[in-house]
Amino acid sequence: MPRRTKPDALALRIGRRIRTLREAAGLTQEQLAYTSELGSKGHLSNLEKGLVMPTVATLKAIADRLDVLVADLVSDP
């Protein structure tokens, strides 16, 4: 899906949750992007800003690296 110019409400909620969990793990965007095999800090930044809707595969890669369930990324605590 192409990058949005305005955040999507659902994508933004997921992005904020990813950011919260990433920061709690003590990781930078660059560290998470490369160790989760996303490979792009820019893509992760856009995810956290709600400008792209993550795929299930992307969520799985991030969740595995953060040692959480995919459900933890898409639900508020």
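1. Contact here means that heavy atoms lie within 4.5 Å. With that in hand, welcome to this structure, which is a predicted model.

2. Which residues does Ser-36 touch, leaving aside its neighbours within four places in sequence? They are Ala-61, Ile-62 and Arg-65.

3. Next, have a look at how H1 and H4 are arranged. The axis of H1 and that of helix H4 (residues 56–66) come within 11 Å, crossing at roughly 20°. Because angles under 35 degrees count as roughly parallel, H1 and H4 are roughly parallel to each other. The crossing of H1 past H4 is left-handed.

4. Which residues make this contact? From H1 come Ile-14, Ile-18, Leu-21 and Arg-22, while H4 supplies Leu-59, Ile-62 and Leu-66. Sorted by class, the contact of H1 with H4 has six nonpolar residues, one charged residue and no polar ones.

5. Is Thr-20 buried, partly exposed or exposed? Its relative accessibility is 45%, so Thr-20 counts as partly exposed. Thr-20 and Glu-48 are 28 residues apart along the chain, and their C-alpha atoms are separated by 9.5 Å.

Technical notes:
Residues are numbered from 1 along each chain as its sequence is written. This is a predicted model: local features need pLDDT of at least 70, side-chain atom pairs count only at pLDDT 80 or more; totals for chains, interfaces and linings use all residues. Side-chain values use heavy atoms; hydrogens and water are left out. Buried means under 20% relative accessible area, exposed over 50%, partly exposed in between (1.4 Å probe, protein chains only). Axes are lines fitted to C-alpha atoms, for helices over the stretch in contact, and angles run from 0 to 180 degrees between N-to-C directions. Helices (H or I, at least four residues) and strands (E, at least two) are DSSP runs, numbered from the N terminus. Angles under 35 degrees count as roughly parallel, over 145 as roughly antiparallel, 65 to 115 as roughly perpendicular and the rest as oblique. A crossing is left-handed if the near helix is turned anticlockwise from the far one by less than a right angle, and right-handed if clockwise. Ala, Val, Leu, Ile, Met, Phe, Trp, Tyr, Cys and Pro count as nonpolar, Asp, Glu, Lys and Arg as charged, and the others, Gly among them, as polar.
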